[in-house]
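Subject: Structure handover

Hello,

Here is the structure we spoke about, with its sequence. My notes on what turned up in it follow below.

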Amino acid sequence: METFVTMQSCKRYVLLVILILFFAHHISTSVTHYSIPEEMKEGSVVANLATDLSLDVKTLNQRKMRLDIIGNKKYLDVNKETGELYVVEKIDREYICAAKSSESCYLRMEVILENPLRIFNIEVEILDMNDNAPQFRRDAIYLDISEATPKGERFSLSNAVDPDVGSNSVKTYHLSDSEHFNIEVQTGREDSKFADLILKKTLDREQQAVHNLILTAVDGGIPARSGTASVIVQVLDTNDNAPTFEKPIYSVKIMENSPIGSLVIHLNATDLDEGSNSDITYSYSLYTSEKTQEKFNLNPSTGEITVKGMLNYEDFRIYDMEVIATDKGVNSLSGQCTLKIVVEDMNDNHPEISVKSFQSPVSENIELDTVIAVVSVNDKDSGDNGVVDLHIPDNMPFKLRESSDNYYELVVSEPLDREKVPEYEITFTVTDRGSPPLFDNETMTLELLDVNDNVPQFPQSFYTIRVMENNAPGALLSSLTAFDPDLHENQYLVYFILEKEIANTSMSMLFSINPENGNLYALKTFDYEIEKEFLFHIEARDSGSPPLSSNVTVHIIIVDQNDNAPVIVSPWRAHGSVVEEKIPRSTDKGSLVAKVIALDTDSVHNSRITYQFLQVTDATLFSLDQYNGEIRTMRMFSYRDPRHQRLVVIAKDNGDPALSATVTIKLSTVETAVKAYSDMTEVPLEYDIFSDLNLYLVIGLGSVSFLLLITILVTIVLKCQKPKPSKAAPPCRNSVISERNSTIADSTLVSNDAYWYSLFLAETRKGKLVVRQPVPKGSRYIVSSIPRSTGMSETSESAASTLQVGV
């Protein structure tokens with residue numbers, strides 16, 4: 001019984017082993033096959049392994065399903081949730097199967113499951129896509145082909161390589177259009193394609209030395225891809241061209257007595273071949289005489305023919321020779337030409353020039369037609385070769401005058417000026433009439449002596465110099481420098497101030513000039529309010545004999561500084577006192593209460609005055625015009641307004657810094673029915689004839705009338721005086737035309753004649769009109785006098801008066 005049981009157990013064990021071996025063999029021999037194209041995107045599903053292998057999807061995680069790829073990267077993987085086989089990384093067939101020569105490419109892997117253990121073999125075939133273009137191993141294929149190669153000759157070309165397989169590999173080749181070449185496509189082992197280059201027309205290197213072709217390889221994919229390579233054919237030379245000269249016959253002329261080694265002609269033969277086949281040597285032929293070869297040398301390398309012996313026209317006139325050019329090819333070829341050399345008679349004697357007399361130096365003021373030099377010319381040749389011509393440059397103030405045969409005099413034809421040309425390089429050129437002409441020259445230097453014939457010149461004829469008043473004595477005003485183009489003592493200049501008096505004052509007391517350099521200095525401090533300008537002359541004199549001089553007018557303008565404060569002239573009051581005015585309390589709004597007038601003796605810019613209230617009892621009661629100084633009421637007086645108003649007005653000029661003056665006006669209001677005068681109101685019925693303001697106006701009008709009457713009487717007396725026997729002279733400089741004339745006192749004079757300003761000086765502070773320089777007789781000038789107190793206000797035109805100045 002036990003034996004039976006043991007035998008039964010052994011049978012079961014053997015049966016189990018057989019079953020295990022059977023399943024293992026079944027698993028190892030059963031392969032699941034898939035096919036996919038290369039370059040699939042990551043995540044693409046290849047197949048569902050659970051379905052294809054009859055596996056339960058729900059048990060894949062429990063059975064620890066995994067994928068092992070044999071011998072490659074893990075390009076694929078299994079999704080354990082769905083059982084799908086998907087792409088993990090993009091697959092490149094050419095990279096995976098680069099070492100395999102067959103067209104098939106596989107990825108082999110195992111799917112392993114546990115509990116129970118099962119192994120499935122998976123095989124994925126990677127299908128090729130046409131993703132690679134054919135490529136040549138080299139971009140350029142170089143071939144050297146002799147021009148003697150017969151047509152039909154074949155030349156192997158490098159084939160193109162395409163990593164793709166099957167129909168996607170290289171299928172054919174194309175060649176660019178060529179007159180001399182085409183290709184023939186050949187099929188090699190494993191259906192590979194290559195091309196042979198076939199010569200269909202013989203080559204000629206002299207016509208085209210290099211042929212550039214394009215070879216294109218095309219694969220069989222859809223769409224097809226292609227790659228190109230350059231085929232560069234260098235044509236090798238053969239000695240198939242003989243040397244040739246430019247002309248078959250040459251004729252050249254050469255002068256007798258040509259020096260040894262002189263070039264006669266350079267013969268040049270060309271050979272269209274290259275290398276040693278184009279190297280040429282030159283030689284005389286057997287038909288060239290020995291006498292010719294003795295007179296001329298032929299360079300075998302360059303083809304230059306030079307003079308070897310002395311040539312004489314009288315001995316031999318024509319030389320004939322034959323020159324051969326031979327190349328250095330294996331089978332040398334040659335060409336020849338004929339040369340004819342004609343010897344010509346030569347003008348071989350130069351003309352001669354001889355200076356017999358020459359004066360140098362001469363004065364620049366030398367007279368015209370004065371003889372400077374005497375020269376003679378000579379030529380030993382005869383005929384035209386012995387006839388000579390003498391000349392000098394055309395741009396010179398001289399001319400040649402023939403005195404006798406072959407003798408010439410050089411004379412002055414134009415005035416000379418040393419300041420323009422201090423010396424002349426005179427070149428005498430003598431030329432014969434031979435062919436070619438010969439010449440000789442002789443150069444002489446003619447120096448000119450200076451003459452004091454140029455006056456000193458100032459850069460300007462009139463100088464205007466502005467000087468700020470209150471200047472320091474001795475201050476440099478300007479530098480007035482003249483120029484004299486003469487030499488030595490004739491150009492040494494001395495400067496003077498031409499003495500003229502102004503108001504009994506000499507110019508040398510006001511200004512000084514450095515006699516050596518023309519620096520002008522002020523000797524005193526100027527005051528614009530006293531002296532506004534000066535006009536005088538400065539002379540520059542050279543040291544020549546006799547001396548020459550010139551002068552320049554200098555106009556000194558004193559520039560004003562704001563150094564005078566305004567002076568209040570209206571309303572008038574004693575120094576430091578208060579002006580008292582009375583006005584009715586019934587004065588209307590806008591009525592004129594008072595007018596402040598201030599004068600400033602500075603210039604127009606600095607004397608422009610503006611008025612402002614410094615203090616005012618009631619700012620709402622009065623207004624002040626800042627330009628004309630008029631004080632007007634801004635409203636009517638009320639019973640609450642105080643009877644006494646105190647106004648402090650400041651008059652300020654336009655200087656920088658500004659100066660000012662003040663006036664205090666005490667206004668008292670009175671109860672009266674008479675209204676204050678106003679520009680905007682009617683004249684009242686009752687009027688106080690002897691009010692303070694009217695009294696001032698009457699006094700001013702009387703003064704002006706009195707001064708005008710005196711001026712008229714003085715003018716009548718002067719015109720009635722008996723003239724003196726001597727010629728009447730115009731008013732001299734510094735004469736006073738008008739003094740204490742109310743027309744110009746404290747006024748600005750304006751004239752439309754610019755010349756007037758150079759004749760007269762208006763000292764308006766003193767009421768004088770002074771003559772600067774002599775006034776032409778019969779002159780008459782009309783000027784306008786504008787009171788300065790009006791400044792730039794609108795009343796300037798109405799306040800202007802006219803002054804007539806006549807001689």
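**A sheet and its edge**

Val494 has Arg541, a residue of strand E41, as its bridge partner. Please keep in mind that this is a predicted model. The bridge belongs to the pairing of E36 with strand E41 (residues 533-542), which is antiparallel and runs over five bridges. Both strands sit in an open sheet of four strands, ordered E34-E42-E41-E36, in which the pairing is mixed. Strand E34 (462-468) and strand E36 (493-497) are the edge strands, each pairing on one side only. On average, neighbouring strands of this sheet are turned by 25° against each other, direction ignored.

**Loops and backbone**

Two peptide bonds in the model are worth a look when you open it. The bond joining Ser545 and Pro546 is cis, with omega about 0°. Pro546 lies in the loop between E41 and strand E42 (549-559), and E41 and E42 are both part of the sheet described above. The peptide bond from Ser360 to Pro361 is also cis, with omega near 5°. Pro361 is placed in the loop between strand E26 (352-358) and strand E27 (362-363).

Positive phi values turn up in residues other than glycine. Asn470 has a phi of about 65° and is found in the loop between E34 and strand E35 (476-479). Asn470 is partly exposed, because its relative accessible area is 41%, which falls between the 20% and 50% limits. Lys64 has a phi near 55°; its place is the loop between helix H2 (49-52) and strand E3 (66-69).

**A buried arginine**

Is Arg418 buried or exposed? Arg418 is in a loop, between strand E31 (407-412) and strand E32 (423-432). With a relative accessible area of 7%, Arg418 counts as buried, because the cut-off for that is under 20%. Its side chain makes a polar contact with the side chain of Glu419, at 3.1 Å. Leaving aside residues up to four places away in sequence, Arg418 touches Glu364, Leu448, Leu449, Asp450, Pro485, Asp486 and Leu487.

**Salt bridges**

How many salt bridges does a search of the whole structure find? The search gives 18. One of them pairs Glu179 with Lys201, with the closest N and O atoms 2.3 Å apart. Glu179 is in the loop between strand E12 (170-175) and strand E13 (181-187), and Lys201 in the loop between strand E14 (193-199) and strand E15 (210-219), so the pair ties together parts that are 22 residues apart in sequence. Lys201 is partly exposed, at 36% relative accessible area.

Arg632 and Glu630 also meet through their side chains in a salt bridge, 3.1 Å from N to O. Both Arg632 and Glu630 are buried.

A further salt bridge links Asp641 and Arg635, and its closest N and O atoms are 3.1 Å apart. Here Asp641 is buried at 8% relative accessibility, whereas Arg635 is partly exposed with a relative accessible area of 25%.

Regards

Conventions
Residues numbered from 1 in each chain as written. Predicted model: local features only at pLDDT ≥ 70, side-chain atom pairs only at ≥ 80, totals over all residues. Heavy atoms only, no water. Pairing = 2+ DSSP bridges. Axes fitted to C-alpha atoms, helices over the stretch in contact; angles between N-to-C directions. Buried < 20%, exposed > 50% of the residue type's maximum accessible area, 1.4 Å probe, protein only. Polar contact = N/O pair within 3.5 Å; in protein donor to acceptor, adjacent residues only side chain to side chain. Contact = heavy atoms within 4.5 Å. Salt bridge = Lys/Arg side-chain N within 4 Å of Asp/Glu carboxyl O.
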